[in-house]
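This report describes one protein for a reader who has not seen it before. The sequence and structure come first, and the description follows.

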Amino acid sequence: MPTLIPPQLFATDPLVVAQDGVATVHQLMDLGCASSVTTVHCRPAGPWRRLLPRVIALRTTPPTPRQRLRGALLYAGPDALLTGPAALALYGVTSLPATPRVDVLVTHRTAPRGHAYVRVHPTTRPARRVPVDGLACVPLPRAVMDTLPSLPTDDAATALLTEVTQRGLCHHDDLLAEAAQAQLPLFAGVMAVFRGAGEPWIP
């Protein structure tokens with residue numbers, strides 16, 4: 001009969017520590033934890049909890065905001081990048097209200113569907129990976145463009161665009177270039193919002 005590894009030893013593995021105490025079932029298997037053992041550990045009386053399908057938080061307490069972000073990336077796959085409000089919050093944007101959802105951009109065809117708090121956005125237009133506080137994000141202009149369609153009002157869009165440009169988080173030319181590359185009617189909308197904000201550099 002194989003020797004069972006105490007669950008606390010997995011929590012201190014360098015890989016798990018680097019991933020904020022979160023790991024996939026396959027990663028745990030590679031570390032020597034059979035999937036059946038993981039299932040047992042995730043039962044109500046166990047030391048772990050299932051954060052998302054195939055993603056485990058090696059603790060029983062509610063996940064931290066950072067663990068939720070890490071879990072979303074692990075759930076969506078190796079090429080996943082945070083985008084939308086979650087990425088903007090990591091960049092330091094403060095004009096958006098807090099939201100429980102986490103938007104993730106993926107390029108692989110076998111991307112999972114969104115689940116629980118995670119919204120998965122497949123794309124044929126890959127984005128550059130930018131590590132922000134140790135988490136993989138899209139560049140800030142892409143995160144802004146991915147966020148604008150979900151904002152409820154023009155005032156909210158104006159507040160976001162004004163903040164990222166006036167605080168120097170992003171140059172307006174980069175925003176306009178990203179809007180144009182998206183090849184969506186949103187490009188005209190961004191121009192209108194910039195004009196509404198009274199930006200002198202918009203013709």
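## Terms and model

Helices (H or I, at least four residues) and strands (E, at least two) are DSSP runs, numbered from the N terminus. This is a predicted model, in which local features need pLDDT of at least 70, side-chain atom pairs count only at pLDDT 80 or more, and totals for chains, interfaces and linings use all residues. Residues are numbered from 1 along each chain as its sequence is written, and side-chain values use heavy atoms, with hydrogens and water left out.

## Overall make-up

The protein has 10 helices and eight strands. Of its 203 residues, 46% are buried; buried means under 20% relative accessible area, exposed over 50%, and partly exposed in between (1.4 Å probe, protein chains only).

The accessible surface is about 10700 Å², and carbon and sulfur atoms account for 59% of that area. Such areas come from the Shrake-Rupley method with a 1.4 Å probe; for residues, only the protein chains shown count as cover. Contact means heavy atoms within 4.5 Å. Of the contacts between residues at least 6 apart in sequence, 54% join residues at least 24 apart.

## Ile5, before the helix α1

Ile5 belongs to the segment before α1 (7–11). Its relative accessible area is 35%, so Ile5 is partly exposed. Leaving aside residues up to four places away in sequence, Ile5 touches Phe10, Leu31 and Gly32. Between Ile5 and Leu31 there are 26 residues of separation in sequence and 9.9 Å in space, C-alpha to C-alpha.

## Helix α6

Helix α6 covers residues 84–91, and six of its eight residues are buried. These are Gly84, Pro85, Ala86, Ala87, Leu88 and Tyr91.

Helix α8 runs over residues 154–166, which is 13 residues. The expected span of a helix is 1.5 Å times one less than its number of residues. For α8 this gives 18 Å, and the end C-alpha atoms are 18 Å apart, so the two values agree. Buried residues in α8 are Ala157, Leu160, Leu161, Thr162, Glu163, Val164 and Thr165. Gly168 follows α8 and has a positive phi, near 75 degrees.

How do α7 and α8 pack, and at what angle? Helix α7 (residues 140–147) packs with α8 at about 170 degrees, and the axes are 11 Å apart. Axes are lines fitted to C-alpha atoms, for helices over the stretch in contact, and angles run from 0 to 180 degrees between N-to-C directions. The angle makes α7 roughly antiparallel to α8 (under 35 degrees counts as roughly parallel, over 145 as roughly antiparallel, 65 to 115 as roughly perpendicular and the rest as oblique).

On the α7 side, Leu140, Val144 and Thr147 meet Leu160, Leu161 and Val164 of α8. The residues of this contact are five nonpolar, one polar and no charged. Here Ala, Val, Leu, Ile, Met, Phe, Trp, Tyr, Cys and Pro count as nonpolar, Asp, Glu, Lys and Arg as charged, and the others, Gly among them, as polar.

## Two aspartates with positive phi

Most residues other than glycine have a negative phi. Asp20 is not a glycine, yet its phi is positive, about 65 degrees. Asp20 sits in the loop between α2 (14–18) and β1 (22–24) and is partly exposed, at 22% relative accessibility.

Asp133, also not a glycine, has a positive phi of about 55 degrees. Asp133 lies in the loop between β7 (130–132) and β8 (135–137). At 57% relative accessibility, Asp133 is exposed.
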